[in-house]
Amino acid sequence: MKLKLSTRRAIWAYAFLLVPLLFFLLVRIYPTLQSFQLSLSTWHVDPLQREFVGLDYYERMLNDGRLHQAFRNTLYYALLGVPALIIIGLTVAMLLHGLKNPFGRGLFRAIYFAPYVTPAVAVSWAWSLMLSPQLGIVNEILFSLGLPTQPFLNSPDTALATVTGVVVWQYLGFQVILFLVGLEGIPRQYYEAAAIDGANGWSRFRFITLPLLRPVLVLSIIIATASNSTGFLQLFTQVLNLNFSDPGGPLGSTLTIVLYMYQVAFNRFEFGYAAAITVVLFLIIMVITIFQWTFLNKRVDY
Amino acid sequence: MRRANIISYVILAAGAIIMVFPFVWMLLTSFKPMPEIFDLGLLPKEPTLDNYRTIFTDYLFGRWFWNSILVAVITTVSVLFFDSLVGYTLAKYEFPGKNIIFIMILSTLMVPTEMLIIPWYATASQYGWTNTYWGLLFPGLMTAFGVFFTRQTFNTVPDELLDAGRIDGLSEFGLFWRVALPLIRSTLAALAILTFLGNWNAFLWPLIVTQSQRMYTLPVGLALFSGEAGSQWNLITAGASLAVFPVLIVFIIFQRQIIEGVASSGVKG
């Protein structure tokens, strides 16, 4: 039997897709649904011995003070960290973009990007030692400059901001690169025309750079907020490693949703409750991303 | 030089010092003997390699380093092959259900990894995959991001090139392997680097799926080792340097390609 050419090609296509489709179904899509299912029953390694408990775990969330603290902290991280990343990232990108010397631009670009490629565990440990209140080099430097020394990770008042600082330090370079791509896409003529019209630096920024940068800005806000394992809503690695002896401390002041989920699952072995927490995290991320997308992308006429 | 330019350089240089300082501090401290680690000076007075010797002989850093390389390399090869195969199929073939399959794969991008960790762990413990390389590997063997990324590039490959290959008698797979793949070399290079880095740096899943020391990856081993090392900052910084400097050196060599790869993937992805 001779198959039609289009049929033969379709068969090839299905053959190519067979293994990947199984993978995406079994390792991505089924586990997504499974986490909803796990959140409705008690945990047992053997699936047959799991007991259905309905929405018990979701109800329990309403009265879990530590979880509320984790939610609050995560919100603070995002409110502090995302604007810091965007503002500092955009500033650095604009300074870089303005440099005349291509060698200098390339060198600084690489230096600012370097922390992004290094393991978060290793750099978090380095920072946690450097920020040690009595023995750390950062306080030694502050002291020698005549500035007040700080408790950094050791005080509930400063720990969250310190963690945010380390995360901003690590992921800043990525934002700088995104903004550089955006800035390079703005035609020079716009600025030249504005200069002829006598627009000053601020109004050039306000009326040319900012509006034309909007798509990149939306992208970088979404990435900074909720991209996999680097978004502020999913903070885990830095928080755990910066304060390894008291994860989430002092006094729970740096605890995040993911870290709490990890503790519930792997210190207390309450996988059902942990799954319920991830479901809520998923919904929160979804709502915030959709909100950012529609709200920030709204067309505004200048 | 204009004054504005000088000010830019000064601000950027000040920031650059903050970006670089932790790496310098980490490396220099890793060469200090124990009694010097709390000294004020940055430079070791009597530099030594003893710390590296200790972490390799008294602890399993060598093994963890190797585990990390193995997991990152296998994952990268698998991701490159399967993601580009799917990207190619979705870009260059017409068949019923194509859009549904594409949307299905794309939709998995919206699910945070943190949500999949517990079901993965449930599966891994049910089938005895904890503490195995397979357990470390299976969640990352393909990525929706790579499918999307390669599909974008394959879309720019002209169909005429493929038809020419068909006339020359290449099979459909031969067409993918010999004609299409070489055409998207720079996309593959970017995807390879991003995948390797992501796996080299991965922490949450390896932390969960490994309980025996011999199966730790470098980040997991480093974290748990450092947690017990207390004030032996010389050893902690040696371990951290071992995790940081290989990637930093690769980055310095390929920085242009890496940054451009990240930029194009970021804007497309």
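Of the 302 residues in chain A, 54% count as buried. This value, like the others here, comes from a predicted model.

Chain A is built with helices. It has 13 helices and 0 strands. Along the principal axes, its C-alpha atoms fill a box of roughly 75 × 75 × 35 Å. The radius of gyration of chain A is 24 Å. A compact globule of 302 residues would have a value near 19 Å. Among contacts with a separation of 6 or more, 65% join residues 24 or more positions apart.

Chain B was described in the same terms. It has 14 helices and 0 strands. Read along the sequence, the pattern of chain B is α-α-α-α-α-α-α-α-α-α-α-α-α-α. The C-alpha trace of chain B spans about 70 × 65 × 35 Å along its principal axes. Of the 269 residues of chain B, 53% count as buried. The accessible surface of chain B comes to about 11800 Å². Of this area, 67% belongs to carbon and sulfur atoms. For contacts in chain B with a separation of 6 or more, residues 24 or more positions apart account for 70%.

One residue of chain B was examined in detail. B:Tyr216 is found in a loop of chain B, between helix H11 (204-209) and helix H12 (218-229). B:Tyr216 counts as buried because its relative accessibility is 9%, and the cut-off for buried is under 20%. Neighbours within four places in sequence were set aside to list its contacts. B:Tyr216 then touches B:Trp64, B:Asn67, B:Thr210, B:Gln211, B:Gly221 and B:Leu224. B:Gly15 and B:Tyr216 are 201 residues apart in sequence. In space, they are 35 Å apart, C-alpha to C-alpha.

Empty space was examined next. Rolling a probe the size of a water molecule over the atoms shows where such space is left. The structure holds 1 cavity of 30 Å³ or more. The largest cavity has a volume of about 80 Å³. Its lining draws on chain A through A:Leu135, A:Ile137 and A:Glu140. From chain B, the lining includes B:Trp25, B:Lys32, B:Ile37, B:Phe38 and B:Asp39. B:Leu40, B:Gly41 and B:Trp233 also line the largest cavity. By class, this lining has 7 nonpolar, 1 polar and 3 charged residues.

The second largest pocket has a volume of about 890 Å³. It is lined by 25 residues. Of these, A:Met94, A:His97, A:Gly98, A:Tyr191 and A:Arg204 lie nearest the centre of the pocket. In chain A, helix H3 (65-98), helix H7 (159-184), helix H8 (188-196) and helix H9 (201-212) each supply at least two residues. Helix H1 (3-30) of chain B also supplies at least two. The lining of the second largest pocket divides into 12 nonpolar, 7 polar and 6 charged residues.

Notes. Residues numbered from 1 in each chain as written. Chains lettered and ligands numbered in written order. Predicted model: local features only at pLDDT ≥ 70, side-chain atom pairs only at ≥ 80, totals over all residues. Heavy atoms only, no water. 1 Å grid on protein atoms, 1.4 Å probe; cavity = no way out; pocket = protein on both sides within 12 Å on 5 of 7 lines; lining within 4 Å. Points joined across faces, edges and corners; volume = space filled by probe spheres on them. Helix = DSSP H or I, 4+ residues; strand = E, 2+ residues; numbered from the N terminus. Nonpolar A, V, L, I, M, F, W, Y, C, P; charged D, E, K, R; others polar. Rg over C-alpha atoms; globule rule 2.2 N^0.38 Å. Buried < 20%, exposed > 50% of the residue type's maximum accessible area, 1.4 Å probe, protein only. Contact = heavy atoms within 4.5 Å. Areas by Shrake-Rupley, 256 points an atom, 1.4 Å probe, with all protein chains shown as cover.
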